[in-house]
Each structure stands twice: as C-alpha cells, then as structure tokens.
Amino acid sequence: MEKILVIEDDDAIKLELKRLLESSNYRVEILEDFDNSLDIMLLSDADLILLDINIPNLNGESLLKEFRKKSNKPVIMVTSLVSDITEAISMSYGADDYITKPYNSNILLLRIGAVLRRVNKTTDFLKFKDLTINISKGIIKKGDIEIILTKNEMIIFSYLVSNQNRIVSRDELMTALWNNDEYINDNALTVNISRLRTKLKEIGLEDAIDTRKGMGYILS
Amino acid sequence: MKFKDYLKDKLYLIIITFLAIGLIFLLFTAFRLEKYVIYSGIAIFLISNLIILLFDYFRKKRFYNDLLENISNLDKAYLVLETLENPEFYEGKIMYQALYEINKSFLENVNYINNSKKDFKEYVEMWIHEVKMPLLSLSLIINNHKSDINSSLMFQLKRLEDYVDQVLYYVRSENAEKDYLIKEIDLNSIIKNIALKNMDDLLDNQIEFIVEKTNVKVLSDSKWLEFILGQIVNNAIKYKKDIENSYIKIIVQEEKTKVTLVVEDNGIGIKKSDIKQVFNKSFTGENGRARSKSTGMGLYIAKKMCEKLGHKISIESVEGQYTRVYITFSKDKFFEPIK
C-alpha cells in the first residue's frame with residue numbers, strides 16, 4: 001500500500017482527507033509539527049506528499065524549494081488561491097502537480113493516482129491475476145490470447161484494476177472517463193461495463209466485475 | 001482665448017476710456033487749449049490705453065490658451081497643471097495656486113478611495129481563501145459519508161462554490177491591477193476541467209456534452225478562461241429545455257489570424273429584445289426572471305474579463321432553438337517565436 005504524507009492545517013480537512021485516502025487504500029501520515037516540516041518531509045517514507053501552500057507561518061513554496069534540493073519524491077501542491085501566477089511559481093519550484101481547493105474527492109484521487117503511476121513508471125502496463133494489461137495499446141493478454149478493448153472499456157478496466165481491493169463507485173468511473181475527455185452519459189457507462197464483462201468472459205474471467213448494489217463495482 | 005471675447009470682457013474699460021476722452025476734450029476745450037495740444041493729449045491717452053490692453057491680452061493669452069489646449073489634448077485632464085508654467089500675472093498666479101490645491105485634495109481623495117478599494121479587494125480575496133476551507137471540508141464529509149441525499153447536498157455545495165468564484169473574479173476583473181498571466185494554454189484541458197466541474201449537473205439534467213477533439217492552443221490565462229467558459233456552460237445548463245436530447249456542444253475553429261471557441265446549446269434561447277443586454281451588469285432578462293436563479297452578473301464579469309485578456313465575446317440566439325456564445329482569441333505574431 002502506498003503512503004501519502006498530508007501537510008494541511010485545517011483540522012476538519014485533515015480528518016476527512018485521511019478518511020478519504022484510507023478508504024481508497026492509501027496509508028496516511030499527517031504532519032503535525034509544522035516547525036520541523038522539512039525534516040519530517042525528508043525522513044518520511046511516504047510515496048507522495050500533499051502539501052498545502054498556504055499554511056500560516058509556513059511558506060509552502062520555499063519549503064518545496066528546499067525539499068527539492070534533497071529529494072525527488074513526488075509533491076502535489078494544494079492551494080485555495082486560484083491564480084496562474086502562483087501555479088506557475090509552484091511548478092517552477094518542482095511540484096509534480098497542482099490542485100486548487102475546493103477540489104472534488106474523485107479528482108484528487110485521480111490526480112494522486114496519475115502522479116504515482118508516473119513516478120512508478122506503470123503508466124502503460126498493469127497486471128491483474130494472470131492478465132497483462134497494455135493500457136496505451138488497449139490490449140489485455142492472457143498467455144497467447146489477446147483481446148482488444150475500446151478506449152472507454154480500457155479506462156474502466158484499468159481504473160478497476162488500479163483500485164482492485166475496494167468498491168469503486170459509478171461516479172468514480174464516470175470521473176475517470178470524463179477526465180480522459182470521454183464525456184459519456186449514464187446509459188453509455190452501463191453499456192460499456194456490460195461489453196467489458198462479455199470481453200472478460202471471452203478470456204475466461206467470468207463474473208470478474210462484481211456489482212454491489214447502490215455502491216458500485218469491485219473486481220473479484 | 002479669443003481677442004474678440006477678451007474685448008467684450010473689457011468693454012467697461014473701453015467705455016470708461018471713451019467717456020474719459022470726452023471729458024478731457026470738454027475740459028481742454030473749456031480751458032481754450034490749442035487744438036493740437038488737445039488731440040495729441042487724447043492720442044497719447046488712447047494709445048497708452050490700447051498698449052495696456054494689448055499687453056494684458058498677450059500676457060494672459062499664452063497661459064489660458066495652453067491651459068485650454070492641454071486640457072482638451074490630455075486623456076487625463078486633471079494632470080494639466082503638470083504641463084503648465086506658473087504664469088507671471090497676478091490672476092494667473094491665483095488661478096494656478098487654486099488649481100494646485102484643488103488637484104492635490106482631489107488626488108488625496110482618489111488615493112484614499114483607491115487604497116480602500118485595494119484593502120477591500122484584499123479582504124475579499126482573503127475571505128474567499130478562508131471560506132474555501134469549510135467548503136472543501138463539507139465536500140469531503142459528504143463524500144466520506146455516503147447517503148441518499150449526497151447528490152442534492154453536492155448540488156447545493158457546487159452552487160455555493162460557483163457564487164464564491166463569481167465574487168473572486170468580480171473583484172479581480174474590476175481591479176486595475178494585473179491579476180492574470182498570459183501564456184500558451186491548451187483549450188482541451190480547459191474544456192475538460194469545465195466538464196469535470198459540471199459533470200454531475202450535466203448527467204443529472206441529461207445534457208449531452210459534446211466536444212470536438214482539438215489540440216489548438218491559445219494565449220490566455222487558464223484560470224480566467226476557465227471561469228469565463230464556466231459561466232457560459234452554467235447558463236447553458238440553467239436554461240435548458242425540458243426535452244430528452246438536450247446538448248451542449250463545444251467547437252474550436254482555427255483560422256489564420258484567430259481562434260474561435262463556440263459553445264452551442266439547444267436550450268430555451270434568448271429573446272431578441274434581451275440579447276443586446278445580456279452582457280450588461282445585473283441584467284436578468286425574461287429568462288433570468290422566469291427561472292429566478294439569475295444574478296445577472298455572470299456574463300457581465302465574463303465580458304469584462306475577456307476585454308482585459310484581449311478576447312472578444314459575443315452571443316447569438318434564436319428563442320426556443322439555440323444559443324451560441326463565441327469567444328475569439330487573436331493569434332499574436334509577437335508570440336510566435338516563443339512557441
């Protein structure tokens with residue numbers, strides 16, 4: 001399980017963010033001692049840091065700058081100041097991504113997932129049971145058998161695989177699709193999932209996608 | 001300063017001079033002075049008065065003409081004093097001094113207002129920054145505690161967020177300070193952000209969101225443009241028709257000198273008599289009143305922001321059929337080498 005270090009000063013957000021990330025199968029460390037932020041950031045074994053720029057008495061930008069001198073660990077900057085100028089500064093200091101408050105939970109998860117996949121260089125290939133999934137080519141391989149998925153089917157399947165130990169809601173799948181410029185509607189999602197099921201059945205994965213009523217889907 | 005008008009103004013002097021000449025003539029004649037003495041006396045008197053008049057005229061003419069001419073040439077007339085020399089004549093000095101004092105107190109006043117406007121803007125920005133914390137907490141709480149009322153809570157939360165953003169961009173667009181950064185931005189990512197932001201609304205209202213793939217880049221500020229496009233899409237959602245196949249279509253047209261972004265919907269459209277006013281401040285029109293959700297500020301702010309960014313925004317509509325909003329970006333040759 002990947003670990004995320006959260007640097008955030010608002011108590012309510014801290015609590016809910018921890019809940020959200022944990023329910024998405026991340027381990028969470030919360031930075032409490034703002035006086036030694038840099039040391040804690042450097043010592044932490046987290047895989048990714050979620051850093052709020054606007055914490056009082058803590059200049060997030062210079063903190064990032066200092067951190068970057070010693071570590072390449074991915075950092076997503078979080079801010080409530082909506083401005084291209086601050087965004088440009090953060091990115092120039094070495095942030096891997098930048099997200100503005102109030103963000104949507106699903107989009108935050110997508111952005112975290114994308115940054116982690118980028119650093120782990122797993123953007124193109126995924127594994128599920130004895131399947132090899134080539135995302136960019138849209139191919140699932142099992143031994144010598146290959147099946148081709150459409151772009152939408154691949155987005156759905158790779159999202160389910162990346163989050164295989166938990167229930168994924170329809171809303172999350174929809175967000176993942178829309179995030180890939182596929183602005184489909186509810187019916188189309190249902191159609192895509194049933195087509196995906198049929199294709200998985202073809203390579204011997206019957207009932208791989210389990211429907212949990214009112215909650216979403218889970219791979220089994 | 002015209003000589004004719006000047007003479008008119010000095011009419012009393014001329015009348016008094018001629019009355020004086022009449023009196024001198026009578027007096028000198030009564031004393032039986034020689035004719036040539038009388039005439040040369042009168043001539044000296046007349047000429048000296050004429051010289052005084054002309055001298056006075058030319059002395060004032062330079063100052064007043066400069067004053068009037070510079071006022072009409074300057075786009076900020078209140079700076080006129082900077083262009084004038086302190087005049088030599090007494091009235092001019094009084095005038096100059098008075099103008100100086102008036103100017104000073106006026107500028108102090110303007111400065112005071114500008115400062116308090118700046119303070120207010122800073123306060124609003126800070127407040128918005130603060131209010132986003134509870135908004136985010138709420139959104140996370142709703143997401144973490146799944147329930148049947150989630151979507152209606154999220155819907156209200158999004159409305160709140162939209163109104164907060166509107167205030168932010170209102171103060172930013174009203175302010176003289178430059179709060180934006182023009183750089184090359186990918187229209188696709190702007191459209192995607194808008195789509196994601198409005199996803200729930202679009203799905204709930206069963207509005208098809210159609211985007212023609214594009215890789216066109218334009219020069220703009222991404223946050224500002226996102227807000228502008230967001231207002232347009234919000235309107236399209238708000239004023240949809242109660243039919244099955246509602247859509248919002250976004251098309252990007254690239255030409256040699258410009259790029260046009262078109263947002264088309266098949267909503268209720270805008271009345272012909274209203275369309276010229278949709279960009280006016282606080283204009284709600286028949287649609288806005290009918291649906292009673294309109295502040296009439298969205299498009300006004302969007303237009304102001306477009307003007308600042310150098311984009312053109314226009315709208316066309318046939319009531320009951322469609323609305324199309326066009327944002328035109330000019331391609332700047334100056335930036336070409338940078339790309």
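Chain A is divided into domain 1 (3-119) and domain 2 (125-219), the bounds coming from an automatic or database domain assignment. The model is predicted, so that local features need pLDDT of at least 70 and side-chain atom pairs count only at pLDDT 80 or more, whereas totals for chains, interfaces and linings use all residues. Residues are numbered from 1 along each chain as its sequence is written, chains are lettered from A in the order in which they are written, and side-chain values use heavy atoms, with hydrogens and water left out.

The C-alpha centres of the two domains of chain A lie 29 Å apart. Their contact (heavy atoms within 4.5 Å) takes seven residues from domain 1 of chain A and nine residues from domain 2 of chain A. Together the two domains bury about 690 Å², 56% of it on carbon and sulfur atoms, where buried area is the accessible area (1.4 Å probe) that two parts lose on being put together, summed over both. Of the area that domain 1 of chain A buries against domain 2 of chain A, A:Asn25, A:Asn106 and A:Leu110 supply 65%, more than any other three residues. Helix α5 (residues 105-119) of chain A gives four residues, the largest share of the side of domain 1 that touches domain 2; helices (H or I, at least four residues) and strands (E, at least two) are DSSP runs, numbered from the N terminus.

Between chain B and chain A, 36 residues of chain B are in contact with 35 residues of chain A, and about 3,200 Å² is buried, 60% of it on carbon and sulfur atoms. Four salt bridges are counted between these chains, a salt bridge being a side-chain nitrogen of Lys or Arg within 4 Å of a carboxyl oxygen of Asp or Glu. B:Lys183 forms a salt bridge with A:Asp84, with the closest N and O atoms 3.5 Å apart. On the side of chain B that touches chain A, the elements that give two or more residues are α4 (90-144), α5, α6 (187-197), α7 (199-204), β2 (207-211) and α8 of chain B, and the largest share, eleven residues, comes from α4(B).

Within chain B, the end C-alpha atoms of helix α11 (residues 298-309) are 16 Å apart, which agrees with the 16 Å that its twelve residues should span at 1.5 Å a residue, the expected span being 1.5 Å times one less than the number of residues. α11(B) is followed by B:Gly310, whose phi is positive, near 85°.
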